[in-house]
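Thanks for making the time this morning. I would like to walk through one model with you, going from the whole chain down to single residues, and I will give the cut-offs as the terms come up.

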Amino acid sequence: MRSLVTEIDMNPSDGFYNYKVEFAVKNEEATSTVICMMVYMDDNFLNEICDVPHLSTETLLFLHVFKRLNQLPEHSDKFSVWSARASVSSLVMPPPVGTLCRSGQQFVSLTNPIMKYEAVRGVTGSGDTAVASSNGFYIDDSPPVFDPEVMSAFFYYDVGQGESTPVKFQKSNDTIKCIWKCDDKESDIVENFWAIGTSPGATDIQNFTSTGQSIAGINNKLEGILEHDQTYYASFICSNGAGLNTTYIDTGGVIVKLIPPDVDSVNNTIPGTSHFTEEVYPKESLQQQDPNSVGFTFTKSEDPSVNRYDLCVGSEEETDDIIPCTWVGYNMSGSAEIKDGALWINGVEVRKLSDLKPYQDYTNTNSSASNGFTMPVGQQMFVTMRLCNKAMLCTNKSLGVVVITNSDSVVATSTNGSAIEEKLSITSRKRAAAELDIQTPSGLAAGQAIVVTKLSESDLSKDYRSDASIDFVSYIQNPATSRDMAERLLYKSLVYTPCLDCFGDEEINILLKENQSNTDIPPASSHVTINVHIQPINDPPVVFLTLNGSSLLNKDPTEDVIVLLEAINDFNSNDSRLWRARIGAFDVEQSDTLKLVLSNTIDFNLSVMEESRQVPQLFKDCNSSDGMRPTMMPCSDNFTQNLPHPAPELSWLTYIIEFTQPKNVFGNFTVGLYFEDSSNQTSLPINIKFGVMEMPCHNNGTCQATGIYPCEDTHRTHSFDAYYRCVCRGGYQGKYCTEDVNECLSDPCVPPFVCYNDLDSYRCACPSDNPHCELVLWMGVVIALIVVIILVLGAIGLYRYRKQRGPPYIEMQYKKFYQRHRKTSFKPLIPGLLGQEDFSPSNTRRNSLRNRRVAPEPILTTDAVVSAGPKDREYIEEYFNTPTDSDTPIQGTTSLKENRRGSTPSNEDLASSPGSPAPTEDTRENGVQSPVDPNLFTTRLAWKSDVDEENCEEQSEV
């Protein structure tokens, strides 16, 4: 867990300040993105902390406020505790899943997106609609852009020098690694490709290979392919979310160095040293009596690839635990020396020894850094010069072994590998003089030597060190301050937990015994006694507040208990005005007497009643009780099981708390309370806030939220119109549902009834001044006038109908349809009427067989007599030249009358009757059946209104 501490130049407890916390995604490196959290105080930036983990939908954000250095003033108000409260505002949450045109999370660290949506609305034939839309998608018409700052620097990394070292030269013979960066502010980079070649843009070493969204490319399979002093070039392709690509071709490349530098051409010396007068092994061993310095000189190398010279000093060969390998020069002549606690190059002090440490302690800024360098007598220092090229491919050259000696040092050399024996006289407090006989084993190398030095008191107490190294350990340690490593120590931890609510003295006996493996030696043992004194401390009472057996207290009991109540007004006064619950406390000290302390309750009607100090009846859970009551004891959240002791062993005090809700009033009413025992220990204070929510809606209207706050919320305790509105039930309207809807405004009743408005309805009834709806004179006149108009219109219609009736004509109809007949021309199908031979009409039109009617023009002889009225007789005389004397009987009357009565004469009968014309000749083609079948037709007398029409049509009905 990371912490961020910021000094501020104001006291945050002096007033109220707005603190703002923002999260942002930043690209701090080319390889990754990080989430940072910024903190503001009154819009002033304080500080930020990055590398915040990705937050999920279940993330909890805790705001912790504390007094600096835990300095709290004296607490005097027992109705309150030291606490911090915070409210969150302007919190932007993502829209719920399923929201139309819902935008997902924006691309990380992107700006200027162009957002588009596709929405569809469907409508059915019945008018039902359904709407759906896509999630937002981006439109990007610009390709990615490579970061010029990153691409202009070294982006090749030599794995031989570390994973994060950008280079121009590399010593790795099997790996090429690149890290690049390209950006796309609209649709982000979705895929990267890279290739390697021996010339810019070439792919002869590696074709373009995808790295996904990673901007690092590594090819570690190039062993045997990479060549010394060869330059290799990388090329990159970045593809964005829209599929647009950008290619970058590197022209600088990386140079591979595989051959280390040549060190034989460099000459070196170690100043301040001399050769041993005796023959020693190794022969390049040197002695030096100055324990506070070491160094060497060097000449320019003939190898042009050499780029740097390093100084390395170690206690063994190929080590640098005394002086870590340090860059001391380029390819030129010079000198490097450790003296006076610093590094000197060419006679100039360059760096302090403490600055040469590989790891620096930057947290210890108060203590002054030590810069000492002191080697003990007899210490061997292996001095090495390291030559490196630009790819940090190095070659070590050993310059010799330097042994620290003084005037008391004695050198003894082995001859032909024999053992070395040396005697050293010493002086002790108990003896005046003595000899120390030193003898080595045989089998030594020829010329191998030892250096024996008698140490003085000052030699043992000196501080031997090299502040340039964290690994150097002197072989000489001060006996006064060093620990006897042969001592056996036993470390054990002892944890003692007293019983719950216990106090007094307790004795703990511990026996330490040696585990002796040799049975002949009795094990040693030791007995230890530990006395534990537990001081009695009075426990404060524990408070509880329940409604229907469930606790009303929050996880933090000092947080206000919110009780929301609906306002009671004159127009809804039937609601209950009493709120009741159970309040109480218990104390582990059974002898303590508890009491309840209330804050000022004069402003509203709050009372406590039914005080009880008896052990209450408790239930394991709420299902064990015989019923739920508002004032029952706690039965949820394992209240009984979590008591520190059985209920009879505790001290109890319970009440019923009752709040009488004021009428025609809304707002917040707060009461504070706590319990106190005989030792003046108090429980946590409890604040109960009764929030009476404004309800201006009349006539059973309901509340509806207009914003983000639900109707059951504290915002309704101080303003209704700002956050809510009334939803009226049927029959009422207006802002507060006070206006009755008048359904009679549309005049729905028919006279003589009048409309009467009722609740959410209307009724039609007789007016109050005419309760029986009796007809008055003007109503009778209107009714009579309507009847007369109807009679007149009926007479006119009948007259016009009779006037338009025409003369009779003969109509033939199908009785039944059998088949369709093709068109053909034929003469009139009815022979001459009443003896007339020429009965064919002058012009006959033929239609399709369906809906065809033939009206032949009748030609009557003088013998033809037709029974008709006066108009009919005029018609006959005009068209048939037949006498129509009313006194002369007309032949054929009987047959026509029979036809009227239902007897249907056939065509044969008409042809055989006297005066009938001869049948006409059928001129149709052979084999074509006549479309007129006498069995399918009837002949009846009809009237024709248009006397001028000479031609009729043959009608066929299916």
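Among the contacts in the protein chain with a separation of 6 or more, 62% are between residues 24 or more positions apart, where contact means heavy atoms within 4.5 Å. Please keep in mind that this is a predicted model, in which local features need pLDDT of at least 70 and side-chain atom pairs count only at pLDDT 80 or more, while totals for chains, interfaces and linings use all residues. Residues are numbered from 1 along each chain as its sequence is written, and side-chain values use heavy atoms, with hydrogens and water left out.

The protein chain has six helices and 55 strands, these being DSSP runs numbered from the N terminus, with helices as H or I of at least four residues and strands as E of at least two. Of the 958 residues in the chain, 32% are buried; with a 1.4 Å probe and protein chains only, buried means under 20% relative accessible area, exposed over 50%, and partly exposed in between. The chain exposes about 60300 Å², and carbon and sulfur atoms supply 50% of that area, as computed by the Shrake-Rupley method with a 1.4 Å probe, where for residues only the protein chains shown count as cover.

If residues up to four places away in sequence are not counted, the contacts of Phe-675 include Pro-541, Val-543, Ile-583, Leu-596, Leu-653 and Tyr-655.

Now the strand pairing, where two strands pair if DSSP finds at least two bridges between them. An open sheet of four strands has the order 10-9-12-16, and its pairing is antiparallel. Strand 10 (166-167) and strand 16 (216-219) stand at the edges with a single partner strand each, so one side of each is left without a neighbour in the sheet. Inside that order, strand 9 (residues 156-157) and strand 12 (residues 176-179) are joined by two bridges, and Tyr-156 has Cys-178 in strand 12 as its bridge partner.

Elsewhere, strand 2 (residues 34-41) and strand 3 (residues 44-49) pair in the antiparallel sense over five bridges, with Met-38 bridged to Glu-48 in strand 3. These two strands form a hairpin with two residues between them, and Asp-42 in the turn has a positive phi of about 55°.

Most residues other than glycine have a negative phi.
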